[in-house]
Amino acid sequence: MAGQDNRYEKARIIGARALQVAYGAPVLIDTDQTQPILIAAEEYDAGVLPFTVRRGEQ
C-alpha cells in the first residue's frame, strides 16, 4: 500500500486512522509512540492499514 499512494491520499489515510486511534480503536502494531498521528504513520509504513483508495471510474 505505501508505495502506490500519492501524498494527498497518504495524508487522508493517516489522518483518518489517527482519528480512529484517538477515539479508542485498537492499535494494529507494537509501538512506543503515544500520539495517534505517529501511531497511524507507523501503521501506514508497516502496510497494515485496511484502507482502499478508489480512483476514477473502475
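Modeller: A salt bridge here is a side-chain nitrogen of Lys or Arg within 4 Å of a carboxyl oxygen of Asp or Glu. This is a predicted model.

Biologist: What is the N to O distance between the side chains of Asp5 and Arg55?

Modeller: The cut-off for a salt bridge is within 4 Å, nitrogen to carboxyl oxygen. Asp5 and Arg55 meet in such a bridge, with an N to O distance of 3.8 Å.

Biologist: Which parts of the chain does the pair of Asp5 and Arg55 tie together?

Modeller: The side chains of Asp5 and Arg55 meet in a salt bridge. The two residues are 50 apart in sequence, so the bridge ties together the segment before α1, which holds Asp5, and the segment after α2, which holds Arg55.

Biologist: Is Arg55 buried, partly exposed or exposed?

Modeller: Buried means under 20% relative accessible area and exposed means over 50%. Asp5, at 14%, is buried. Arg55 has a relative accessibility of 38%, so Arg55 counts as partly exposed.

Biologist: Which residues are linked with Arg55 in a network of salt bridges?

Modeller: Arg55 also meets the side chain of Glu9 in a salt bridge, at 2.8 Å from N to O. That pair links distant parts of the chain, 46 residues apart, with Arg55 in the segment after α2 and Glu9 in helix α1. The residues linked with Arg55 in the network are Asp5 and Glu9.

Biologist: Which residues does Glu9 touch, leaving out those up to four places away in sequence?

Modeller: Glu9 sits in helix α1, residues 7-22. With a relative accessible area of 15%, Glu9 is buried. Outside its sequence neighbours up to four places away, Glu9 touches Gln4, Val53 and Arg55.

Biologist: How far apart are the closest N and O atoms of Arg17 and Glu43?

Modeller: The structure holds 3 salt bridges. One of them joins Arg17 to Glu43, and its closest N and O atoms are 2.6 Å apart. The distance asked for, closest N to closest O, is 2.6 Å.

Biologist: What is the relative accessible area of Glu43?

Modeller: Buried means under 20% relative accessible area. Arg17 counts as buried because its relative accessibility is 5%. Glu43 is buried too, with a relative accessible area of 0%.

Biologist: Which element gives the most residues to the largest nonpolar core?

Modeller: The largest nonpolar core has 6 residues, namely Ile13, Ile14, Ala18, Ala40, Tyr44 and Leu49. Two or more of these come from each of α1 and α2. The element that gives the most, with 3 residues, is α1.

Biologist: What percentage of the residues of the protein count as buried?

Modeller: The protein has 2 helices and 0 strands. Its C-alpha atoms fill a box of roughly 40 × 20 × 15 Å along the principal axes. Of its 58 residues, the share that count as buried is 22%.

Biologist: How far apart in space are the C-alpha atoms of Gln35 and Val21?

Modeller: Gln35 is partly exposed, with a relative accessible area of 45%. In sequence, Gln35 and Val21 are 14 residues apart. From C-alpha to C-alpha, their distance in space is 9.0 Å.

Note on methods: Residues numbered from 1 in each chain as written. Predicted model: local features only at pLDDT ≥ 70, side-chain atom pairs only at ≥ 80, totals over all residues. Heavy atoms only, no water. Helix = DSSP H or I, 4+ residues; strand = E, 2+ residues; numbered from the N terminus. Buried < 20%, exposed > 50% of the residue type's maximum accessible area, 1.4 Å probe, protein only. Contact = heavy atoms within 4.5 Å. Core = buried A, V, L, I, M, F, W, Y, C linked by side-chain atoms within 4.5 Å.
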